[in-house]
Amino acid sequence: MAQNYYQKEIETMSVSEMQKLQSEKLVKQVKHVYENVPYYRNLMDEKGVKPEDIHGIEDLHKLPFLTKADLREAYPYGLLAKPLDECVRIQSTSGTTGRRVVAFYTQKDVDLWEDCCARAIVAAGGTNKDVCQVAYGYGLFTGGAGLNGGSHKVGCLTLPMSSGNTDRQIQFMTDLSATILCCTPSYAAYIGETLKEQGYKPEDIPLKAGIFGAEPWTEEMRKGIEQTLGIKAYDIYGLTETSGPGVAFECSEQTGMHINEDHFLAEIIDPNTGEVLPEGEKGELVFTSLDKEAFPLLRYRTRDICVLSRKKCSCGRTLIKMAKPMGRTDDMLIIRGVNVFPSQIETVLLNEGYQPNYQIVVDRVNNTDTFEVNVEMSAEQFTDKVSDVLAMEKSLASAMKTMLGINPTVHLVAPKTIARSEGKAVRVIDKRKLV
Amino acid sequence: MAIKQLTVFVPNRKGTIASVTDILAKHQVNIRALSIAETEDFGILRLIVNDETTAEKVLEEQGYLIKVVEVVGVKIGDEPGKLTGALDVLDKADINVEYLYAFMTRTEKHAYVVLRVESNQAAESALTSAGYKLITEADVNKL
């Protein structure tokens with residue numbers, strides 16, 4: 001298959017050239033941050049590092065880390081590196097785990113971010129002949145804005161649908177022959193199911209590709225979506241703190257996501273010691289924004305656990321690849337010695353046709369961890385037969401065992417019975433910590 | 001022909017059945033028959049009531065997981081061996097009974113048996129051809 005690139009020179013640059021480029025940008029960026037962000041200057045001073053100590057990417061490890069806690073403490077302007085009159089946009093996280101994160105963009109920041117999304121669309125086979133349906137939420141969420149901008153840059157006819165109103169999504173998709181769908185994987189699966197219910201066969205659906213991200217999803221879910229919609233489904237990665245979607249994207253090989261490393265310098269560290277780990281080892285992903293003007297984060301700890309690889313890719317891109325993140329460090333539980341991420345439970349539930357309304361209860365009885373998962377079932381799933389309910393519990397437990405390697409006890413419960421605080425369900429109750 | 005059974009999912013905890021029956025009582029819903037299947041964690045209440053529309057609505061409003069299913073009701077004589085006779089009929093017709101429960105009526109010399117089977121139609125036709133009388137919604141309402 002002929003390969004297309006949005007910015008071929010960068011995307012296929014040799015590793016040594018790329019590292020030279022990254023080094024030049026890093027030196028400039030550290031200076032910019034030190035001079036304009038007192039919050040980070042203090043962190044550097046505390047560590048005894050000066051901008052002059054940074055000569056290239058080999059000195060990156062000398063810089064202090066930034067964490068989500070720093071972002072919250074510095075809210076809203078503490079990490080801003082440009083005067084507000086040079087900023088043209090903010091985007092924000094949902095703020096569900098605490099104070100929201102607000103990221104600022106200059107026009108150049110928006111431009112480079114959109115380039116990153118354009119690379120993702122082209123890697124998924126997009127050209128100016130395509131009709132690109134953006135069904136990520138528009139607004140403060142970065143999903144809609146990022147892919148919308150990328151789609152414009154590629155020259156696709158862009159359908160700025162935002163999320164929800166599935167009947168209207170389907171109407172526009174079929175009436176205007178949308179060829180690329182951008183949304184969360186769970187919404188893609190939902191659109192697929194709805195199309196199926198309405199009698200559409202995969203060959204009747206005009207789509208050829210989908211770019212799905214912003215939440216964890218499995219290979220099984222990918223296969224399901226690809227079959228129902230008759231498309232190739234590509235992963236995309238990003239976070240509001242660094243810009244939004246497009247930090248990394250999948251190519252035709254579908255074996256991990258190429259990081260746009262000319263803009264985002266990636267490291268993998270040991271989450272406990274902060275030590276940098278060699279390529280191929282599993283650890284926490286850390287990003288340094290090399291080009292961001294308004295909100296340039298240096299060594300930002302994403303809490304995402306993954307692996308980096310420089311293995312040669314059949315698509316011709318030389319950009320380093322990251323594996324699909326396995327979960328976030330701050331959510332991770334260790335049960336019977338096994339790492340368990342709530343996101344993995346969520347993935348299983350979505351795959352098995354449940355809503356992701358669940359609660360994990362961990363306790364220690366006779367020195368052994370107990371692991372229970374309560375899952376809300378819907379009125380459609382409930383049956384009057386005890387044997388059916390027990391079979392559903394058993395099959396969910398076995399799907400979780402496959403994903404996690406350890407066996408939970410699953411309890412199905414009635415809808416809306418899982419305790420919620422401030423409208424959001426409490427996902428984990430770890431009673432071991434109370435002892 | 002089939003009659004409607006209200007099925008309610010409840011956690012296996014003290015007081016949960018009373019909270020269901022209390023809601024029904026407050027809305028003048030009369031319970032004709034009640035059976036419970038329970039596991040260590042949860043119970044499934046199966047109810048035949050005089051007004052399942054109201055029962056379903058008020059329990060749903062209170063957040064209960066409800067399912068209304070159609071079940072077969074059959075009249076049998078109030079004598080030893082009569083239930084076995086009815087079950088034999090189904091067995092011969094190769095109809096598997098998922099669960100059943102029975103209740104007495106105040107006025108008639110009959111017991112009513114509620115049967116949950118895979119195909120209501122097959123069970124109904126097997127029973128009627130063997131001379132059994134089926135219970136209708138009207139019968140339930142008269143109780």
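Me: How many residues does the contact take from chain B, and how many from chain A?
Reply: In this predicted model, the two chains are counted separately, each for the residues it gives to the contact. The contact takes 15 residues from chain B and 12 residues from chain A.

Me: Which elements give two or more residues to the side of chain B that touches chain A?
Reply: Here one looks at the side of chain B that touches chain A and keeps the elements that give two or more residues to that side. By class, that side has three polar, five charged and seven nonpolar residues. The elements in question belong to chain B, and they are β1 (3-11), β3 (42-49) and β4 (65-77).

Me: What pattern does chain B follow when read along the sequence?
Reply: Chain B has seven strands and five helices, and the pattern places these along the sequence. Read in that way, chain B follows β-α-β-β-α-β-α-β-β-α-β-α.

Me: Which residue of chain B is among those with the most contacts inside the largest nonpolar core?
Reply: The largest nonpolar core has 145 residues, and those with the most contacts inside it include Ala120(A), Ile121(A) and Ile180(A). Helix α5 (residues 107-123) of chain A gives the largest share of this core, 10 residues. From chain B, the residue listed is Val8(B).

Me: Which residues does Val8(B) touch, not counting residues up to four places away in sequence?
Reply: Once residues up to four places away in sequence are set aside, the residues that Val8(B) touches can be listed by name. They are Val20(B), Leu45(B), Leu47(B), Leu59(B), Tyr64(B) and Ile66(B).

Technical notes:
Residues are numbered from 1 along each chain as its sequence is written. Chains are lettered from A and ligands numbered from 1 in the order in which they are written. This is a predicted model: local features need pLDDT of at least 70, side-chain atom pairs count only at pLDDT 80 or more; totals for chains, interfaces and linings use all residues. Helices (H or I, at least four residues) and strands (E, at least two) are DSSP runs, numbered from the N terminus. Two residues are in contact if their C-beta atoms, placed from the backbone, lie within 7 Å. Ala, Val, Leu, Ile, Met, Phe, Trp, Tyr, Cys and Pro count as nonpolar, Asp, Glu, Lys and Arg as charged, and the others, Gly among them, as polar. A nonpolar core is a set of buried Ala, Val, Leu, Ile, Met, Phe, Trp, Tyr and Cys residues joined through C-beta atoms within 7 Å. A residue is buried if 20 or more other C-beta atoms lie within 10 Å of its own, exposed if 12 or fewer, and partly exposed in between; C-beta atoms are placed from the backbone.
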